[in-house]
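Please have a look at the model first.

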Amino acid sequence: MTTSPSERGVSLGMPELPAPAYPDDVRARLETDAREIIARYPDSRSALLPLLHLVQAEEGHVTRTGMQFCADVLELTTAEVTAVATFYTMYRRRPSGDYQVGVCTNTLCAVMGGDAIFSELQEHLGVGNGETTDDGKVTLEHIECNAACDFAPVVMVNWEFFDNQTPDTAKRLVDDLRAGRPVEPTRGAPLCTFKETARILAGFPDERPGAVEASGGAGPASLVGLRLARGETAPARVVHPREGSSQDGDGAPQDRGAPEPSPSEHPSSHDAPQDTSASDPAHPAGPAAEEGE
Ligand code: FES
């Protein structure tokens, strides 16, 4: 689906009509929130990114009204605000669904099945990239790498992780979202709607019970390299759920019948930091010699 010039903030030389204003009560509420956000920064214009999330939380996408509001409270031009809002993909420029389902189709996820997931979801939902289902529940999107490659292929719903997906699990996920059945991200905070997510991204506390405790922290696959580098333990092989195995919370295998090999014996030990001069005595590590020395 293509965006219209006005959605992209592009003028065709016609004078644009002024953006419609928020109702007085909405504007008063947003101004209170905006003051709180602006107070966090030494320079008010630094508050633009969270303010765009704030107006996105109000309407579900960044409208001309929202951009005018940001420009007013930050004393910026609408052109400056539009330039930022149209640059970052986390700001949506047209009405979208309650759940933004992003399928990572960057290289690693793509080869691990992301392309297949995206293509099957398109067919299953009957929508293309950036389009929303008729019930207004799900917007399907390609997304770029979210630094979760060790859990590829990854699907994100409103920026919460659903790791190690398959076409079937992804289809179940969108079916559950559309039916209003509870779904639980693989890790991180519980799922909420896109508007609620936008408010949290504006910097307001997530007050849902257990949300703070659940957020943050790396998943076990991300910590394997760190554990190996520290020589703490041999890393367990993180097995993809589709292979029918499982792991406990710290990444160690549940079957502890066989002793773990030491890091140097482990098949992945080549990933551990090596002593460069020891590994290549003919070329010891050190400052490069000047030419002619
Ligand atoms: S390539 Fe998909 S998370 Fe990095």
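## Helices α3 and α4

The crossing of α3 with α4 is right-handed, meaning that the near helix is turned clockwise from the far one by less than a right angle. In this predicted model, local features need pLDDT of at least 70 and side-chain atom pairs pLDDT 80 or more, while totals for chains, interfaces and linings use all residues. Residues are numbered from 1 along each chain as its sequence is written, and side-chain values use heavy atoms, with hydrogens and water left out.

The axes of α3 (residues 64–74) and α4 (residues 78–85) come within 9 Å and cross at roughly 120 degrees. Met 67, Gln 68, Cys 70 and Ala 71 of α3 are in contact with Thr 78, Val 81, Thr 82 and Ala 85 of α4 (heavy atoms within 4.5 Å). Five of these residues are nonpolar, three polar and none charged.

## Helices α2 and α4

For α2 (residues 48–59) and α4, the axes come within 11 Å and cross at roughly 80 degrees, which means that α2 is roughly perpendicular to α4. Here Leu 48, Leu 49 and Leu 52 of α2 meet Glu 80, Val 81, Val 84 and Ala 85 of α4. This contact has six nonpolar residues, no polar ones and one charged.

## Arg 93

Arg 93 sits in the loop between α4 and β1 (99–104). Arg 93 counts as buried because its relative accessibility is 16% (buried means under 20%, with a 1.4 Å probe and protein chains only). A polar atom of the Arg 93 side chain lies 3.4 Å from the backbone oxygen of Val 62.

How values were computed: Axes are lines fitted to C-alpha atoms, for helices over the stretch in contact, and angles run from 0 to 180 degrees between N-to-C directions. Helices (H or I, at least four residues) and strands (E, at least two) are DSSP runs, numbered from the N terminus. Ala, Val, Leu, Ile, Met, Phe, Trp, Tyr, Cys and Pro count as nonpolar, Asp, Glu, Lys and Arg as charged, and the others, Gly among them, as polar. Buried means under 20% relative accessible area, exposed over 50%, partly exposed in between (1.4 Å probe, protein chains only). A polar contact is a pair of N or O atoms within 3.5 Å; within protein, one must be able to donate a hydrogen and the other to accept it, and residues adjacent in sequence count only if both atoms are side-chain atoms. Angles under 35 degrees count as roughly parallel, over 145 as roughly antiparallel, 65 to 115 as roughly perpendicular and the rest as oblique.
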